[in-house]
Every structure is written in C-alpha cells, then in structure tokens.
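Welcome! Have a look at the sequence and the 3D view, and then let us walk through them together.

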Amino acid sequence: MVDKLTPVLSANWGTDNSWKLATHQAAGGYQAVAKALKMTPAAVTDVVKDSGLRGRGGAGFPTGMKWSFVPKDNPNPKYLVVNADESEPGTCKDMPLLLASPHTLVEGMIIASYAINCHTAFVYIRGEVLHVHRRMQQAVAEAYAAGYLGKNILGSGYDLDIVVHAGAGAYICGEETALLDSLEGRRGQPRLRPPFPAVAGLYASPTVINNVESIASVPSILNNGAEWFGSMGTEKSKGYTLYSLSGHVARPGQFEAPLGITLRELLDLAGGVREGHELKFWTPGGSSTPILTAEHLDVPLDYEGMAGAGTMLGTKALQIFDETTSVVRTTLRWTEFYKHESCGKCTPCREGNWWMVQMLRKFEAGQAAVGDVDKLLDVASNIGGKSFCALADGAVACVTSAIRHFRSEFEDGYSTPAWELFPYGRSALFEVPETQGAHA
Amino acid sequence: MSGHEFQSFFPESGTVDMTDTTTNIDDTTFAELRQLASRYPEARSALLPMLHLVQSVDGRISPAGIEACAEVLGITAAQVSGVATFYTMYRRRPGGKHHIGVCTTALCAVMGGDALLEQVSEKLGIQPDETTPDGKFSLERLECNAACDFAPVMMVNWEFMDNMTPDKAQKLIDDLAADAEVKSTRGATITSWREAERVLAGFPDGRADEGPSAGEASLLGKSIADEKGWAAPKGGKS
Amino acid sequence: MSVVTKPEQGAVVVETVTLTIDGIEVTVPKGTLAIRAAETVGIAIPRFCDHPLLDPQGACRQCMVEIPDMGNGRGFPKPQASCTIEVAPGMQIKTQRTSEVAEKAQRGMLELLLINHPLDCPICDKGGECPLQNQAMSNGGGTSRYDGVKRTFPKPVSLSAQILLDRERCVLCARCTRFSEQIAGDPFIALVERGALQQIGRYADQPYDSYFSGNVVQICPVGALTSAAYRFTSRPFDLVSTSVTCEHCASGCQLRADHRHGVVRRRLAGEAPQVNEEWNCDKGRFAFVSGRGDDRLSTPLVREDGELRPASWPEAIDAAVAGLTAAGNSSGVLTGGRLTMEDAYGYAKFARAILGTNNIDFRARPIGVGEAAFLAQEVAGRTLAQAVTYTDLENAGQVVLVGFEPEEESPIIFLRLRKAVRKKGLSVTALAAFLSNGNAKLKAKLVATVPGAEADAVADLKLAAGDVILVGERAALAPGALSAVVEAAAKAGARFAWVPRRAGERGAIEAGCLPTLLPGARPVADVAARVDVASHWGSETLPPLEGLDAPSMFAAVTAGELEALVIAGVELSDFADANAAREAVAAAEFVVSLETRFSEVTELADVVFPVALIEERAGTFLNWEHRVGRVNTVVKQVNAPMTDLRVLAALADAMGTPLGVRTSGQARAELAELGTWDQPIKAEAASRTRGRAAKKSKSADGELVKLATWRMLLDGGRGQDGEVALAATAKPSVARISPTLASTLGVGDGEVITITSDAGWYSLAVSITEGMTEGTVWVPMNSPGTPIGELGVVHGDDVALSLGGAE
Ligand SMILES: Cc1cc2nc3c(=O)[nH]c(=O)nc-3n(C[C@H](O)[C@H](O)[C@H](O)COP(=O)(O)O)c2cc1C
Ligand code: SF4
Ligand code: FES
C-alpha cells in the first residue's frame with residue numbers, strides 16, 4: 001500500500017540551501033545523470049516510456065512517447081525546451097519547485113537532452129518571477145562549473161548547453177507553439193500544426209517541449225526505475241504529482257501524492273474548507289478546466305477520473321471557493337483574464353472574449369436582459385472549438401461549466417447585482433473596510 | 001462592477017511613447033545587447049531579454065531601445081515594436097523605482113486582491129499603469145502570478161509578497177517610500193525595478209542565495225507527510 | 001542567330017488525391033488545401049485571411065467546415081479551418097452548404113467579426129467590392145446580437161505617404177503583414193499590441209516605404225487600407241475595368257485600369273499567374289497621371305520666326321513633310337524605348353520605307369560597345385518558347401545578376417526571385433559594386449565587382465547547367481561583359497536573358513528600331529533580308545547601309561552630316577551625353593517631335609505632334625521574356641487622340657508613299673506576317689555600330705574613382721510626374737562609398753561629398769557601405785535633385801570625389 005502523500009520532488013524543499021548544488025548532491029543529486037549517460041539514448045527514452053509518465057503541463061501526453069517522435073534522420077540540431085511559463089490561473093507548482101530545487105530540473109534536462117540527442121536546451125521562465133530566475137541562473141552556472149553541463153559531461157563525450165530565458169508577460173506563451181515563437185524573439189502567437197514541434201519546432205528543427213514538473217520527474221524515474229514510478233498512481237495515470245490547493249481552504253499549499261487521490265482526501269489533509277464555510281465550487285486544474293462542485297469530491301484526481309466528470313486534470317491546480325463566492329464574479333474575472341491574455345491572432349478568441357466580458361459585466365451588475373444566459377451560451381459555442389488554439393477553449397470552459405452548475409445565479413443577474421447576493425467582503429481573508437473593495 | 005472601467009477607445013495604442021526620446025543607451029549597452037544576442041543559436045531569440053535590458057537602462061521601452069535592438073538583430077523597428085507591445089512587462093512610460101503589482105485574477109480578487117488594489121491605488125494616489133510624480137512607484141493590476149497558495153498576492157519588482165493583508169500592504173509601501181529595508185517573503189531584499197529587469201535580461205546580481213528555500217505553503221504537503229511518516233516507496237531496481 | 005533551346009522538361013507526374021466535398025467527388029493534386037479543392041468544384045467557402053499566394057494563417061476562422069471523415073474512417077471532433085487542412089484520400093468535407101455545424105460556425109464567426117466593425121460602408125472605399133460586406137450578406141446572420149461598445153481608435157494613421165490605415169475596419173487577417181514580410185521582404189508594418197487591441201502598425205520613424213505597398217490595399221479584405229491616391233475618389237460600381245499591360249518597365253505586368261467618366265481612377269494588379277501572379281509594383285499601380293498636368297500637348301505646334309505656335313493638323317503635317325522631304329535620307333529617328341511594339345514598327349518602317357534611312361535607335365540611354373551586336377545575335381527574334389521565363393527563374397538552381405538590380409529595374413523579376421529563394425532554395429549571385437538592399441532580400445551572394453570589370457567577374461563565375469544569368473542593359477557599358485556572358489553560359493550549359501528597363505525596348509528590337517536590324521530580326525547588312533522586307537512592304541529597295549546609333553546621329557547632326565531628326569518619347573537627359581544630345585537637337589536642320597507633353601525635345605522641335613496617352617491607345621508590349629502583353633484602350637473617345645502610327649501614316653501619305661498601316665491591329669498583323677528571319681546572322685553584321693568607351697575624367701580635383709550607378713524604381717522619370725504620395729515614398733539619394741574610401745576622404749556617414757566630372761558636379765550625403773568595392777562611388781542615376789546623368793558620365797566612368805558640398 002502506497003502512502004497518501006509521496007514527496008519526491010518536494011522531498012528536499014525544506015532543507016537549508018536546498019537550491020545549492022552541494023545540497024542537491026548530498027541528497028543523491030546528479031546520480032541519475034551519471035547513470036543515464038552510461039545508457040543508450042534509446043534506453044533512457046524507454047525507461048521514461050515504460051514509467052507511464054504523462055506530461056504535467058496540462059494535456060497529459062505521454063512524455064517518453066513525445067521524445068520518441070523526434071526524427072533520428074533529420075540533420076538539423078534537436079532542441080529541448082522546458083516550459084516554465086506557469087501562468088494558468090491557479091497553477092503554482094513549477095515556481096516553488098524551481099525556487100527550492102532548480103537542480104532537479106537541470107538534472108532532468110540533461111537526461112532528456114541526452115535521450116533526444118539535443119545539445120542546446122532552453123528553460124523558458126515567465127518573466128514575473130525574479131527570484132526564480134536568480135535561482136535557475138545560478139543552478140545552471142553551478143552545473144557548468146561542476147562539469148554537468150558544457151563539453152564532455154562527466155567524461156561521457158556528450159555536450160550540452162542550457163540557456164535560461166525570460167519571458168515578458170504573456171499567458172499564451174505557455175502554449176507550446178506560441179512559446180517557440182516567443183523564444184525566437186517574436187510575438188508569442190501560436191503556430192499552425194502540422195508541422196508539429198517534434199518535426200519542426202524551434203528554428204524549424206525537431207523540438208521537444210515539456211513542462212517543468214514532467215522533466216523534473218525524470219531523474220527519480222531513472223534512479224528508481226519505471227516500475228517504481230508505476231507503483232504509484234493508477235492504471236493509466238501513473239506516478240506521483242504535485243497538487244496545488246489554493247483559495248478558501250484552511251491550509252493552502254502543495255501536496256505531492258500519487259495520481260488518483262481525491263479532493264476529499266486532500267481537503268482533509270489541508271484542514272478542510274476555511275473554518276465556518278463550505279465548498280461551493282472548485283477547479284481541478286486551473287481556470288481552463290471546467291469547474292466542479294461538492295458532488296465531485298470523491299472523483300479520483302487523475303486523467304480518466306476528471307475526464308469522466310466532464311472536465312480535465314489540467315495542472316492539478318485545485319482552486320477552492322466557498323459559499324460566500326459569487327460564481328458570476330469569478331467567471332467574469334476569469335473571462336477578463338482570457339480577454340487580457342488572448343493573443344489576438346484569431347477572431348473567436350479576440351472578439352469573443354471582448355464580448356463575453358461585456359456580457360458578464362452586465363450579469364455581475366444585475367443588468368443582464370432576460371434570455372442573456374442563453375445568448376451567452378450561444379456566443380460561447382461560437383468561440384469554443386472554433387479558435388486557433390486551446391486558450392479560447394479554456395476561456396469558454398469556465399463560462400459554460402459555471403452556467404451548467406449555477407444557472408440560476410446567472411439568471412439572478414437579470415435583476416440583482418452579484419455583490420448584493422454575495423457581499424464581496426465576505427469572501428476576503430481579511431476584514432475589508434466599508435470604503436474599500438468594490439461593493440464590500 | 002469589477003473595480004475598473006471597460007476601455008473601448010484606444011487613443012495611444014500601437015506604439016511606445018515617441019515624444020520622449022531621452023536615453024541612457026551607450027556603447028556598453030550595445031556591447032551587452034550583442035552579448036545577449038550571441039547566447040542563442042539564432043540572434044533574434046535574444047529579443048525578449050534585450051528588451052528587458054533596455055528597460056533596466058532606460059526605465060521603459062524607449063525609441064532608442066527599439067532602434068538599438070533592431071540594429072543589433074538586423075530586423076526592422078516595426079518588428080521590434082510588434083514584440084515590445086505584445087508583452088505586458090514592457091512599459092511604454094517610465095516605471096517607478098518600485099513597481100508594485102496586485103493580483104486581481106479571480107482567486108486573488110475574491111480573497112482580498114480587489115480591496116488591496118484599491119487600497120494601494122489610493123495610498124499611492126495613482127491608478128494602475130501610472131507612475132507617481134516623484135517616480136518612486138508604479139502600479140499594475142496583475143494577472144495570476146503563480147503563487148495562488150499564498151493568496152492574496154502582491155509583487156514588488158517581481159519579487160513575491162505573499163499572503164498580503166491591508167496592514168502588510170500599508171507597511172510595505174511605507175517602508176519602500178522611506179527606503180527602509182524590505183525583504184520579499186520568498187526572495188531577496190528589494191532593490192529596484194530596473195535592477196530586477198537587468199537580472200531578467202540575463203545578468204545575475206549575485207542575490208540567488210538570499211531568502212528561504214520555500215514558503216510555508218510550498219512545504220505543507222511535505223511536512224504533513226513527515227508528521228505522518230509517509231513517503232514515496234523505496235527505490236526498486238532500476 | 002544562336003537559338004538556345006530549353007532543357008527538356010521531364011513530364012512531371014502529379015500525385016492526386018480523391019475526396020468528396022458536399023458529396024461531390026473531387027480529384028486534386030496532393031497537398032491541396034481543402035478550401036482550394038472546394039473552389040475546383042465551384043464551392044465558395046467564405047474566407048478573409050486565406051490568400052493563395054501567402055502562407056496559410058488560419059487566423060480569421062471564417063472558413064470552418066465539418067470533416068466527418070479524415071479518410072481513415074474517423075472524423076474531426078470539431079469544425080476545421082479549411083484554409084489550413086490538406087486534403088487526404090477518401091476525406092469527406094461538408095461545407096456550409098450541407099453541414100449545419102459549418103454553417104453555424106461561419107455565421108457565428110461573421111457575427112464576431114462584425115461586433116467591432118464600424119457600419120461605415122457608405123463612406124468606405126471598399127463598399128461595393130468588400131469581401132466582408134459580401135460574405136456578411138451570403139454567410140452571415142441578418143442581425144447582430146451585439147449590444148456592447150465597439151472598439152475605436154483615433155482617425156486613420158498613415159503607414160506611409162501613400163498608405164492609410166483605418167484601424168477599426170481591420171479584421172486582423174494579417175494579409176498585409178504577411179505580404180510585406182513573405183512576398184516583398186519589407187516588414188515595415190507589423191502586428192502590434194495584442195488581444196482585442198491588436199492592430200497593424202509601423203514604427204513611427206520608419207514609414208512603410210515599400211515598392212510594393214499598394215498590393216496591401218488590394219488584398220485587404222475590408223477597407224482598412226487605402227491609398228492616398230485613390231481614397232474617396234470613386235465607388236467600385238461606377239468604374240469600368242480594362243485589362244492592360246504596364247508601360248513602365250519590362251516586367252510586363254498585367255494590370256487592371258479602372259476608369260470613370262473617361263478618367264483612369266486607379267490601377268490594380270491583374271491576374272497573370274505566369275507573369276506578375278497577382279502583384280505589381282507601386283510605380284505601375286500609382287504612376288498613371290503624368291499626362292494630366294498642364295504640360296499636356298493638345299494641338300500640333302509649328303515653329304515660326306523662331307517661336308512655336310499652335311497650328312492645325314494639315315498645317316503641321318505640311319510643315320513636317322516639307323522639312324523631312326528636304327532632308328530626305330539625311331534623317332534619323334529616335335524612339336525612346338517606351339512605345340508599343342506597333343508604334344515602334346511604324347517608326348521602323350517610316351525610317352526605311354519613307355525616309356530611306358537605317359538611322360533609327362530606340363535606346364535613349366547610355367549604350368555600350370557591342371550591345372547592338374549582342375541584341376541582334378542573342379535577343380532579336382527569340383520567342384517565348386525559346387526564352388528564359390519567370391517560371392524558369394523559379395526553377396533555376398542559381399540566378400546570376402550582371403549589371404542588373406531586379407528590385408529597382410524589374411520589380412516583378414525581383415518578386416519571382418524572392419519567391420524562389422524562399423520556397424525553392426534558389427541561390428542568387430549578384431555582380432555589383434555592393435550588395436543592395438533588394439539583393440540582400442534575395443539573400444544574394446555578392447561578387448564585389450568594380451564597375452567596368454564585369455567581364456572578368458563573369459568569366460570567374462561557377463555556373464552549372466540549369467543556371468540562369470540575367471543581364472541588364474547596363475552590362476553593355478562594361479567592355480566585354482556581354483560576350484563574357486554568352487561564353488560563360490555556353491560553356492556551362494546555362495542560359496541567359498537580357499532584361500532592359502523600359503517596357504518598349506524588347507518590342508522595339510523586334511519592330512526594327514535598331515540601326516542594324518530590320519523588323520523580325522533581319523540584319524540590314526544581309527541583302528536577302530533587305531529584299532525580303534522590301535518585297536513585303538512593296539518597296540523598291542531599302543537602304544543598304546547600316547544606320548547610325550543615337551550618339552552617332554547626334555555627332556553627325558552636330559557635324560552637319562545629318563539634317564533632320566524625328567523624335568518620339570525621348571528625354572534628352574536620358575542619353576549618356578545629354579549635352580551632346582541637346583546640342584545636336586538644337587543644331588539640327590529640322591526636328592519633328594511626336595509627344596504627349598511638352599519636353600526638352602518639343603522646345604527645340606520645328607514641328608510638334610500631340611499623340612495619345614497610353615490609356616488612349618491599343619497595342620502590345622513584349623516583356624523581357626519575349627511574352628506578348630496586350631495594351632487595350634481604356635478610355636474610348638469619339639475624337640480619339642492621334643496615335644504615333646496615325647501621325648506617321650498621315651506624314652507618309654503626304655510624302656507620297658503610304659505607310660500601309662495606320663492602326664495597331666494592322667501594324668501587328670503586318671509584323672506577324674513578316675515573321676522572324678530564320679537565317680544565321682553573320683558575325684560582322686553588327687560590327688559597324690558605334691558604341692562608347694569608358695570616359696576618363698580629366699578633372700583631377702579630388703579622388704578619382706569609378707562610378708557605379710543605376711536608376712531607382714522611383715526616381716525623376718517623367719512618367720511618375722503628378723503622383724505626389726508615390727514620390728514621397730522614394731528612397732532618398734545618397735552616395736555610397738566603402739569605409740576605406742570614406743576614411744581616405746575623411747568623410748563620415750551622412751556627411752556631404754561632391755562628385756565632379758568634366759561636365760559639372762553634384763553634392764550628396766554619404767552612406768558608408770560595408771563590403772563595397774574600393775575606389776568606387778555609387779549614386780542613383782536619375783533621382784530628383786541629383787540627375788547624375790547630367791554629368792555626362794555613365795556606369796564605369798571615372799569621376800572625382802571631394803569632401804563637402806561644392807559651391
Ligand atoms: C493557453 C495555454 C497555456 C499553457 N500554459 C502552459 C504553461 O504555463 N506551462 C506548461 O507547462 N504548459 C502549458 N500549456 C501546455 C503546453 O502547450 C504543452 O502542452 C506542455 O508544455 C507540454 O508539456 P508536458 O507534455 O510536459 O505537459 C499551455 C497550453 C495552452 C493551450
Ligand atoms: S485562441 Fe486564438 S486569439 Fe486566442 S490565444 Fe489562441 S490563437 Fe490567440
Ligand atoms: S480563411 Fe481560413 S482561417 Fe481565415
């Protein structure tokens with residue numbers, strides 16, 4: 001029987017100087033690199049394939065399989081790009097990992113690069129997290145100094161450079177093809193697929209793009225084996241992962257557990273919904289994954305469980321909202337986020353979010369017209385599934401799922417402002433003075 | 001109401017401020033821009049870091065900065081401008097010494113972010129996207145900053161200020177205004193926005209070792225596991 | 001004449017794919033996009049961002065279709081953008097005609113596109129020919145459910161002096177930015193801002209000065225982009241369209257000229273897949289108003305007591321006939337290179353059969369030693385089937401440019417080369433003094449060549465079979481360059497093509513406007529050829545001696561050896577020695593000028609005949625490929641202005657020997673009937689023509705250097721007169737020198753130097769140019785303010801450079 005919580009990535013986050021090379025080495029760091037470099041690249045890929053590791057960036061695509069798509073006969077250089085753009089609302093796992101344990105990522109990057117025959121790898125970190133950049137820049141410098149990066153790593157004859165790259169404020173750059181354009185010094189707008197990045201990605205060369213957590217999981221898999229990884233989690237959702245609890249919980253935070261744990265179990269560990277309140281709705285994996293309610297407390301938090309509940313595991317960003325929260329208000333805020341972050345390339349996302357924000361403002365203000373709920377749903381249906389990339393699908397998901405579960409609250413928007421039904425001050429963690437916080 | 005107006009008329013969009021042509025860009029800056037360009041297999045990849053460097057030198061994306069990037073990379077100024085106006089971290093007008101961000105995406109907003117933004121805005125006497133006349137502060141309404149387990153969240157010069165309250169916000173601004181020492185909850189001692197931009201450009205400031213490994217929330221699962229004696233299975237064969 | 005036949009084109013097997021669209025079976029080449037496959041069976045899927053000549057974008061999402069089967073039994077779960085989906089065997093596509101899903105997606109998309117679009121169709125230039133308007137009618141909903149506020153921006157912004165942008169009309173299809181980046185290589189406009197605020201923008205200090213900027217107005221699917229030239233001038237449904245061939249350069253663009261009430265209001269790129277595809281250059285698009293100034297000739301003029309005075313047609317014809325008859329065969333004819341082939345033929349025949357002379361030359365420009373021989377042996381008589389074509393350029397392995405700057409001198413060749421460079425990895429090699437911006441956009445390899453030394457550089461080229469050398473008219477000024485090209489090509493099994501700058505030059509050769517060639521590439525020196533032409537014309541004999549070329553005619557006139565000149569469409573400043581030309585025309589016993597506008601020539605002429613503008617006449621141009629392009633009469637009038645042919649025919653009649661042709665149709669028919677001479681040309685046939693050896697400047701004041709020069713696309717040419725916005729987008733004149741020469745002279749970038757020849761000087765700002773040949777200065781040839789041609793020097797001559805402006 002596997003324990004409820006299984007800290008692997010987060011095991012040493014509490015150690016003093018956990019971000020330093022020496023600390024990391026003392027805990028067995030870089031052994032996986034030494035091990036991998038003695039294997040063939042194909043064998044390394046096979047271990048990751050066999051482990052059942054699926055991408056932790058949201059889509060859950062099998063990581064080893066992604067690596068194996070890199071064509072061997074393509075003469076161009078191969079690239080690994082780590083997606084550290086972490087900007088999906090609610091998602092907050094990669095940044096603590098990079099702050100506390102940047103060497104785990106560097107180690108994973110060396111192994112992944114070796115497996116795909118890449119000699120230049122990039123970490124694309126969102127710009128708005130200064131200290132994360134410092135820690136990552138330093139970790140890479142330390143790794144060069146120790147001979148884990150650069151020429152002839154550990155005498156293996158294998159060379160690798162890692163470039164730490166700063167984004168500049170754009171959620172869409174988490175989408176992998178937009179990230180590539182951004183990393184090429186362009187506007188971060190998604191590219192047409194095909195060609196897929198594995199065939200023509202960065203500089204039109206074969207490129208693997210993986211989430212921070214996906215790559216950081218690789219060293220432990222190399223060290224302990226595919227079977228070990230598979231001993232955690234479920235049949236199709238293998239291994240451990242980071243769940244991030246935030247919002248109206250007694251103790252928000254990161255919980256590293258086998259896939260398949262339920263929100264009820266996690267909430268128990270986190271001390272439940274904040275004192276005196278009860279769960280109203282929650283997101284399983286960031287705001288782009290359709291919201292769930294108390295009904296879904298016992299659904300396993302894995303890829304299949306969430307799909308069965310009509311949503312997605314996403315980034316496992318569990319945002320908890322209690323009964324004081326207006327679902328109209330949160331939906332509007334999320335829609336404002338998508339309007340702000342829409343890259344502008346395609347019509348439905350650019351124009352649709354602009355329109356939906358205006359509609360939702362009317363709902364919030366109690367000024368929507370009778371029938372506007374259906375109009376909103378119809379407009380959403382003209383956006384979802386019609387856009388260039390998945391951003392707009394996420395934008396629509398939060399609207400349609402909110403209406404699905406809380407239609408009457410939207411209909412209240414025909415007559416009553418949300419702040420009257422749900423005085424906003426009550427949702428805050430602190431006393432909000434009468435004069436502050438709109439409609440406290 | 002969401003605490004801000006719905007903007008539909010965009011009188012000054014499309015470009016950086018061309019009326020302010022001042023610049024500090026000199027030969028050293030050009031050398032550093034070239035150095036950034038040389039870090040990548042293809043030089044244009046350095047454009048985002050280069051624009052961060054422009055901000056650290058000029059306190060904004062200046063016309064001279066755009067032209068310098070275009071010159072170093074051999075692309076048109078329109079192409080640089082297209083990039084500079086796409087990303088929110090690039091400022092059109094001079095940022096303050098300290099750049100304050102308050103997250104108001106759904107979760108932070110609900111948990112108190114809206115009230116915090118209003119409070120800070122009132123205290124500084126400026127609206128989001130403005131800079132105080134003394135150049136000390138600029139303010140921004142942030143979208144989710146990947147710190148939701150520390151909500152409500154504020155950022156100073158892109159350093160985390162976790163678990164904010166009105167009192168903490170009050171003191172934070174007062175201390176910054178008084179040039180007192182301020183430490184990020186999960187970062188270094190606060191310096192200035194422009195120094196932060198230099199680090200983002202890729203020139204480390206030697207402060208990586210400041211601050212804790214992790215915040216309390218980040219360690220929560222691990223400490224519960226320790227308490228209960230839970231752990232991942234012991235490594236098997238490999 | 002040596003005929004180079006084309007390399008065998010192996011039969012290309014096109015792999016096809018069969019699928020169904022709305023239940024109709026369609027077979028198309030593999031790789032075809034669904035939207036294009038649907039077109040082949042007449043199904044129009046609405047679209048905005050899609051453009052067949054631009055890379056797919058998939059941005060507007062208007063073209064959604066349902067694909068219930070990808071060909072493998074499985075369907076796409078969501079509707080797909082048909083402009084980005086390649087067809088697959090067995091695929092089933094359902095468009096808006098048969099699928100509710102597709103229909104709703106399209107209706108929904110139009111609603112979204114319109115929420116922020118202004119309802120200003122009644123005052124919008126595009127109203128009446130607007131894809132958004134049309135598709136809103138055909139595929140949109142009847143009403144909008146939008147009750148929010150529309151996005152607005154301040155007044156239109158100028159992307160350049162010519163192109164204006166109304167941002168709220170823009171649907172962000174990125175056609176304009178893709179065109180600029182992918183096709184023209186001028187990314188001076190870009191998408192800026194993001195999300196709902198995204199818009200097209202330029203950098204404030206760098207206007208969208210692209211030679212091809214007008215195309216973006218044409219491909220904009222809404223009225224967001226307009227031209228200063230046409231904005232608010234008419235409604236599309238009031239215009240009458242005529243297909244014409246551009247008169248400006250030898251590219252041979254097919255254009256559409258739209259007129260209303262007898263006035264051409266605009267010109268657009270026509271559709272000519274083999275030539276200009278769907279593009280043209282701004283000169284071709286905007287420069288068509290030069291005949292509308294107050295310098296337009298309206299009546300014949302006759303000189304009396306030293307003064308020109310208006311005269312009636314009979315009076316003027318009498319005067320001309322008197323003068324020409326007196327001169328007899330002591331006459332010469334200059335035709336300028338801008339005439340249609342039919343008009344040129346009229347002059348060729350008039351010179352031989354009426355005046356009795358072979359003194360005729362179309363080359364109102366510097367000409368080189370051996371050029372006429374080269375033209376006679378390697379160009380004249382060549383047919384399209386034998387010649388290098390645009391398609392050949394696209395498929396070549398390497399294209400070498402000798403004395404030729406494609407972007408400046410034949411912009412559609414430039415576009416085609418750029419397309420091949422982008423899509424087919426064509427490598428371009430340029431023999432020039434420096435790598436021009438245009439050639440840099442072709443990723444050309446520069447073979448730095450001092451002006452005049454082209455022959456050696458050509459001899460050193462590495463060529464392979466399948467390569468093409470494009471040789472410009474300027475190459476003739478470099479001793480031996482033309483024959484070096486012929487030799488090098490023959491040795492490597494490569495091919496070459498001669499690219500003149502003016503639209504009429506290629507046709508003029510065929511029409512017989514060289515002193516050595518009769519119509520149809522018949523050498524004057526060949527008695528059989530003369531007899532052949534004479535019998536066709538019903539002339540007793542034709543003059544047996546080869547005639548004089550233009551400079552020789554001037555010399556002869558000045559020496560009193562030649563009496564009369566007939567001059568058509570010539571600017572004296574265009575000759576290598578403009579002053580010698582002026583002197584000669586002034587000194588001539590008798591000058592007849594056929595012109596549309598007052599000019600230096602009309603000022604000196606004894607009789608002036610006003611002739612029709614290009615939009616008032618029909619005919620053909622032969623482009624550099626030797627392809628025929630029709631010029632159709634755009635503006636038809638009851639009292640149509642006289643064409644050159646009609647004037648010549650009237651003169652001939654009055655001189656007692658009918659010309660035999662008076663319309664372009666007759667001229668074309670007669671020329672066709674004459675056909676092309678198929679006998680070999682004897683090597684010595686052209687040897688008598690005089691050329692011009694490089695000038696050694698005597699003025700030792702300053703640093704003696706070689707002059708490199710060519711004409712910019714937009715320059716001081718009179719054909720561009722009157723189009724102010726166009727002129728404002730021209731490149732500023734600079735003098736280019738190498739960094740070493742700059743330091744020798746002690747001159748910095750942007751500082752002024754003075755270029756001096758025996759004939760005078762000009763001062764220009766310096767642009768220090770990396771990689772430029774030493775001992776060379778480049779200046780534009782005929783740009784406003786610095787008409788370098790006036791210095792009496794040409795490409796390859798010596799000039800003196802000195803610091804600072806001269807006084
Ligand atoms: C709008 C949008 C934003 C995304 N943001 C992120 C992100 O911040 N970080 C991330 O790892 N993946 C993000 N993704 C998913 C990536 O496109 C990609 O699937 C992922 O990086 C692949 O890595 P993985 O296979 O390791 O999960 C985003 C996707 C979309 C559509
Ligand atoms: S859905 Fe369209 S506009 Fe939105 S982010 Fe994706 S490509 Fe850009
Ligand atoms: S035409 Fe297909 S997406 Fe625009």
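Two residues are in contact when they have heavy atoms within 4.5 Å. With that rule, residues 24 or more positions apart account for 66% of the contacts in chain B with a separation of 6 or more. Please keep in mind that this is a predicted model, where local features need pLDDT of at least 70 and side-chain atom pairs count only at pLDDT 80 or more, while totals for chains, interfaces and linings use all residues; side-chain values use heavy atoms, with hydrogens and water left out. Residues are numbered from 1 along each chain as its sequence is written, and chains are lettered from A and ligands numbered from 1 in the order in which they are written.

**Chain B on its own**

- Chain B has eight helices and four strands; helices (H or I, at least four residues) and strands (E, at least two) are DSSP runs, numbered from the N terminus.
- Starting at the N terminus, the order of elements in chain B is α-α-α-α-β-α-β-β-β-α-α-α.
- Along the principal axes, the C-alpha atoms of chain B fill a box of roughly 60 × 55 × 35 Å.
- Chain B has 238 residues, and 64% of them count as buried (buried means under 20% relative accessible area, exposed over 50%, partly exposed in between, with a 1.4 Å probe and protein chains only).

**Where chain B meets chain A**

- Here 94 residues of chain B are in contact with 113 residues of chain A.
- The size of an interface is often given as the accessible area lost when the parts come together.
- Chain B and chain A bury about 8,000 Å² between them, with 60% of it on carbon and sulfur atoms; buried area is the accessible area (1.4 Å probe) that two parts lose on being put together, summed over both.
- Five salt bridges are found across this interface of chain B and chain A, a salt bridge being a side-chain nitrogen of Lys or Arg within 4 Å of a carboxyl oxygen of Asp or Glu.
- Arg333(A) and Asp114(B) meet through their side chains in a salt bridge, at 2.9 Å from N to O.
- On the side of chain B that touches chain A, at least two residues come from each of α2 (47-58), α4 (77-84), α5 (106-124), β4 (159-161), α7 (193-201) and α8 (216-228).
- Of the elements of chain B, α5(B) gives the most to this side, with 12 residues.
- By class, the side of chain B that touches chain A has 48 nonpolar, 26 polar and 20 charged residues (Ala, Val, Leu, Ile, Met, Phe, Trp, Tyr, Cys and Pro count as nonpolar, Asp, Glu, Lys and Arg as charged, and the others, Gly among them, as polar).

**Salt bridges within chains**

- Over all chains, the structure holds 101 salt bridges.
- In chain B, the side chains of Arg207(B) and Glu210(B) form a salt bridge (3.1 Å, N to O), and Glu210(B) is partly exposed, at a relative accessible area of 26%.
- In chain C, Arg711(C) and Asp574(C) form a salt bridge with their closest N and O atoms 3.1 Å apart.
- That pair links distant parts of the chain, as Arg711(C) and Asp574(C) are 137 residues apart, and both are buried.
- A network of salt bridges links Asp361(C), Arg363(C), Arg365(C), Glu371(C), Glu473(C) and Glu505(C).

**Around ligand 2**

- There are 13 residues around ligand 2, and Ser342(A), Cys343(A), Cys346(A), Cys349(A) and Cys389(A) come nearest (a residue is near if one of its heavy atoms lies within 4 Å).
- This shell has nine nonpolar, three polar and one charged residues.
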